[in-house]
Amino acid sequence: MTMQIADTVSLSASDAKAREKARAAAARDSLRTEPPAVRIAIITLAVLFLSVFVVLPLVVVFAQAFSKGVLAYFAALAEPEAMAAIKLTLIVAAISVGLNLVFGLVAAWAIAKFEFPGKTFLITLIDLPFSVSPVISGLVFVLLFGAQGYFGSWLRDHDIQILFAVPGIALATTFVTFPFVARALIPLMQEQGTQEEEAAISLGASGLQTFFRVTLPNIKWGVLYGVLLCNARAMGEFGAVSVVSGHIRGETNTMPLLVEILYNEYQFVAAFAIASLLAMLALITLIAKTVLERHLDEGQDVNDH
């Protein structure tokens, strides 16, 4: 009798999923019932919009970067100032992504797996950089660590340089990018639930063993997805970094800041050469994002089955 009830429940769940898929397929088919002229007009409008606002700017960047030839392009990238900007950008991105990876994993684990007072407030704080202007974020660090800031006199007395140096740039970049990893992992971990972790713990696994052997393998694609977006934003951040960097040439200029300086000095080939590196990063990010989204969708389909 118990087996019959279980089979009935299983069949009912399968029938419900089948009906849901059928409704989704019917909805997709209904979208294709528009007249051909309407569909062509919508597709043409979308392609035209993307061509003007996405494809054309990228083409212009690369065309300007190579306008004086390949040798001039690589010569512009080999300039000491450009090399310093590229190196600083990579260092700051590595620091901010590393910190945000740790924070994102901890925050997502806490929010998705536990109930505690202040959980909603924590989620709101995670989303805060999305609603605050990056320039304001930079000004916050000026108020904290500047010469007239709250910690300015203490830092000066101990000969510690935060602003107009790598630490200030890394802090500002970390602040504006810390939602990305957490926001990529929270819905994924919430959807997976806590059943597997509870089973592992009931079998004698410790908290760390459960995390590294059960939770982390299940969210690995989500982790890579969040790190990818975080890294792209870190390398392209301009507003917050511009406030705290001081624009010291060869020392505190990241790639976006150097592009602005070179362009204002009418060094167009050099400016667009650096910009082309950021554009290539955007294209690589787009391709990797598509691949990771496919893996995430496949993982969700496996969990559904």
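Which residues touch the most other members of the largest nonpolar core? The views below start there. This is a predicted model, in which local features need pLDDT of at least 70, side-chain atom pairs count only at pLDDT 80 or more, and totals for chains, interfaces and linings use all residues. Residues are numbered from 1 along each chain as its sequence is written, and side-chain values use heavy atoms, with hydrogens and water left out.

**View 1. The largest nonpolar core has 24 residues.** Leu 105, Ile 126, Leu 185, Ile 186, Met 189 and Ile 219 touch the most other members. A nonpolar core here is a set of buried Ala, Val, Leu, Ile, Met, Phe, Trp, Tyr and Cys residues joined through side-chain atoms within 4.5 Å; buried means under 20% relative accessible area, with a 1.4 Å probe and protein chains only. Helices H4, H9, H12 and H15 (268-304) each give two or more residues to this core, and H9 gives the most, with eight. Helices are DSSP runs (H or I, at least four residues), numbered from the N terminus. A second, separate core of 20 residues includes Ala 82, Val 259, Ala 273 and Ala 279.

**View 2. Helix H9 covers residues 179-192.** Its end C-alpha atoms lie 20 Å apart, in agreement with the 20 Å that 14 residues should span at 1.5 Å a residue; the expected span is 1.5 Å times one less than the number of residues. Among the buried residues of H9 are Phe 180, Leu 185, Ile 186 and Met 189. Just after the helix, look for Gly 193, with a positive phi of about 75°.

**View 3. Met 189 and its contacts.** Beyond neighbours within four places in sequence, Met 189 is in contact (heavy atoms within 4.5 Å) with Ala 108, Trp 109, Ala 112, Lys 113, Thr 215 and Ile 219.

**View 4. Gly 222 lies in helix H12.** Gly 222 is buried, at a relative accessible area of 1%. Not counting residues up to four places away in sequence, Gly 222 touches Ala 184, Leu 185, Leu 188 and Leu 296. Met 189 is 33 residues away from Gly 222 in sequence, and their C-alpha atoms are 9.2 Å apart.

**View 5. The lining of the largest cavity.** Thr 89, Val 92, Thr 173, Ala 234, Met 235, Glu 237, Val 241, Thr 254 and Pro 256 line this cavity. Helix H4 (80-113) and helix H12 (220-236) each supply at least two of the lining residues.

How values were computed. Buried < 20%, exposed > 50% of the residue type's maximum accessible area, 1.4 Å probe, protein only. 1 Å grid on protein atoms, 1.4 Å probe; cavity = no way out; pocket = protein on both sides within 12 Å on 5 of 7 lines; lining within 4 Å.
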